[in-house]
Amino acid sequence: MTAKTSTALEAPEHVRRLVWACCVLDRTQGLAGLKLQDRAHGLGFGGHFLTKSRRYSTTMGALRQGRRDHVRRQQSENGVVLDAWGRPEGDSLVEVVGTWRYVGWGYLSHGEAWLAATAAARAREQRELAREELAQVA
């Protein structure tokens, strides 16, 4: 990367310096194998942006939750996060269910499935009739 290319890069000064450092370090004898110039667009990072070690670092879920809590605290008036009913979220009245279990899917019998299909067909017919009547009136 030349000085002309570095100044032509439309980015903040800090980002331009990081890209420049990648290009300079790529020419260093011991670092040539890291392919930093090829990865300069990612500021030298060669991995996936969501690669996180659960033992060494934090999880993305924990980061998102922290960000949500921070924004909600900023939006609240006195720093107390409220739930949907206006109660403090730390209150013991709020129950957080953190586990789910599979209990089944669909209908319990063919009769229930037939009743549901019949009700859906009747609702469709009524909507079509209402549309036809509306078109005749208009």
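**The model as a whole**

This is a predicted model, in which local features need pLDDT of at least 70 and side-chain atom pairs count only at pLDDT 80 or more, while totals for chains, interfaces and linings use all residues. Residues are numbered from 1 along each chain as its sequence is written, and side-chain values use heavy atoms, with hydrogens and water left out.

The protein chain has four helices and zero strands, and its pattern along the sequence reads α-α-α-α. Helices here are DSSP runs of H or I with at least four residues, strands are runs of E with at least two, and the numbering starts at the N terminus.

How confident is the predictor? The pLDDT score gives its confidence in each residue, from 0 to 100. The mean for the protein chain is 78, with 75% of its residues at 70 or more. Confidence is lowest in helix 1 (residues 3–8), with a mean of 54, and highest in helix 4 (residues 110–137), with 93. Where pLDDT is low, the predicted coordinates should not be read in detail.

Of the 138 residues in the protein chain, 7% are buried. Buried means under 20% relative accessible area, exposed means over 50%, and partly exposed lies in between (1.4 Å probe, protein chains only). Among contacts (heavy atoms within 4.5 Å) between residues at least 6 apart in sequence, 9% join residues at least 24 apart.

**Helix 2 and its two sides**

Helix 2 covers residues 13–26, and at 1.5 Å a residue its 14 residues should span 20 Å; the end C-alpha atoms are 20 Å apart, which agrees. The expected span is 1.5 Å times one less than the number of residues. Val-19, Cys-22, Cys-23 and Asp-26 are the buried residues to look for in helix 2. Seen down the helix axis, the buried residues fall within an arc of 95 degrees, so they line one face of helix 2; the arc is taken from the directions from the axis to the C-beta atoms. His-14 and Arg-17, on the other side of helix 2, are exposed.

Leaving aside residues up to four places away in sequence, Ala-40 touches Val-19, Cys-22 and Cys-23.

Arg-39 sits in the loop between helix 2 and helix 3 (60–75). With a relative accessible area of 30%, Arg-39 is partly exposed. Arg-39 and Asp-26 are 13 residues apart in sequence, and their C-alpha atoms are 9.8 Å apart in space.

**The salt bridges**

Side chains of opposite charge can pair when their charged atoms come close. A salt bridge is a side-chain nitrogen of Lys or Arg within 4 Å of a carboxyl oxygen of Asp or Glu. The whole structure holds two of them.

| Salt bridge | Closest N and O atoms |
|---|---|
| Arg-16 with Glu-13 | 2.6 Å |
| Arg-17 with Glu-13 | 3.2 Å |

Arg-16 and Glu-13 are three residues apart in helix 2, about one turn of the helix. Arg-17 and Glu-13 are four residues apart in helix 2, so about one helical turn separates them. Glu-13 counts as partly exposed because its relative accessibility is 41%, whereas Arg-17, at 58%, counts as exposed.

Notes
pLDDT = per-residue confidence, 0-100.
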